[in-house]
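Please read them beside the model.

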Amino acid sequence: MEEKREREIEEKKIPSSLSFKTDVYKKIFLTGLALLFVTYLFVNSKTIFSGLGVLLGVVAPFILGGVIAFIMKIPLNFLERKVFDKIKNEKFQKHKRTISIAISFIVIILAIFIITAIIVPQLINSFNELRKSLPSFLQMAIDKTRDIPYLSNYSDKLQADYDNLSWNEIFNRVGSFVKSDEKSSYILNSALSTASSILGGLVSFFLALITSIYILADKERLGYQATRICYSCFNNKLANKILHVAHLLHENFFGFIRGQLTVSSFIGIATFVFCLILRIPNAATIGVIVGVTDLVPIIGPFLGGTMAFVMTVIKDPTKGMAFIILILILQQIESNLVYPKLVGNKVGLPSLWTLVAITIGGSLFGVVGMWGFIPLASTIYALIKEYTEYKIKEKNLDLRMKKI
């Protein structure tokens, strides 16, 4: 009897299952799961990363479709709220969304086609003219070195190298490389691989385009479903925080993209108008180049200005200085007046944070990273600001900025 009683006491001490009502059990269980997960990642890193690559390739068209839908929402909202809401017709209002989507895509496609039709032929002509005028430019540069004391000693050597330079020989070497039997199979394989990549890219792009149309057509329902899922998976306090962060991200991304497109359109149109007034050649092409490259933060204006300056000098060297002065004035107006009003107020990010975001985003993901990290940094900045103000009020502190 005593042995039986002792056995019952021991069985009562050992629980048959863990109870998660105690926070200690929860922490131990979650920590163990985290350690197992990290260990599994280290052991099977190659398999996991290859699987993530395949998964990313599958979902990439849908991600691109979401990006396209986010950008296309700018003209869509304008048409629906500013134009079509004024039309008092029930049948028209039922089909307002479909008409707005169709017009938005038609306008964007036409804009891309017009920009391409303007830029590409003019760039080809500029390169052809540069190729024709390059020998005379090089000869003029060599002649100028004779008048510079530090470079005059190298003028004869530069002249000899230039006289021995044969453009026909260069092109013949390129042609012999392409026609070489040893390289033919490699070139053929490369061409087939490139064609396959282009075909796959086109399929992915059309899938993304269709995805964006579906998202735009039903964007309110998708947002409502996401909200329901958020509140069903998390408690109300955490769900409110998640939705608040999502709202900040949406507002910052939407405001930045809309403002950046508006600023680039303004600078492109202004460049075109003033080039016409100053009679600078290729005014339309220069305006398009400056406007398009201005979409790239920081380096875009310098890149576009350099390209447009080269095109101007090739056509009319006397207009080069006038164009440089024009671009400098327009960039100052954009940086100090237009950009702070249209983009700065929407994003609300200080200049130092903007520079850090552009540097990090550009080094990691190029131009796309520059665009993405500015609104992302703005969201992080806003959250840090909210948290800081909350903690300062909680501690009842009176902190004011002092001049140093």
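1. Helices here are DSSP runs (H or I, at least four residues), numbered from the N terminus. The model is predicted, so local features need pLDDT of at least 70 and side-chain atom pairs pLDDT 80 or more, while totals for chains, interfaces and linings use all residues. Residues are numbered from 1 along each chain as its sequence is written, and side-chain values use heavy atoms, without hydrogens or water.

2. The second largest pocket has a lining to which α12 (299–315), α13 (320–347) and α14 each give at least two residues. The largest share, twelve residues, is that of α13. A pocket is an open set of points on a 1 Å grid over the protein atoms alone, where a 1.4 Å probe fits, with protein on both sides within 12 Å along at least five of seven lines; lining residues have an atom within 4 Å of a point.

3. The volume of the second largest pocket is about 740 Å³, counted as the space filled by probe spheres set on the points. Of its 29 lining residues, Ile-298, Pro-301, Gln-331, Glu-334 and Ser-335 are the closest to the centre.

4. α10 (residues 236–277) packs on α14 (residues 351–394) at about 135°, the axes being 9 Å apart. Axes are lines fitted to C-alpha atoms over the stretch in contact, and angles run from 0 to 180 degrees between N-to-C directions. The pair is therefore oblique, the class left after under 35 degrees (roughly parallel), over 145 (roughly antiparallel) and 65 to 115 (roughly perpendicular).

5. Contact (heavy atoms within 4.5 Å) between these helices involves, among others, Phe-253 and Phe-256 of α10 and Trp-371 and Leu-383 of α14.
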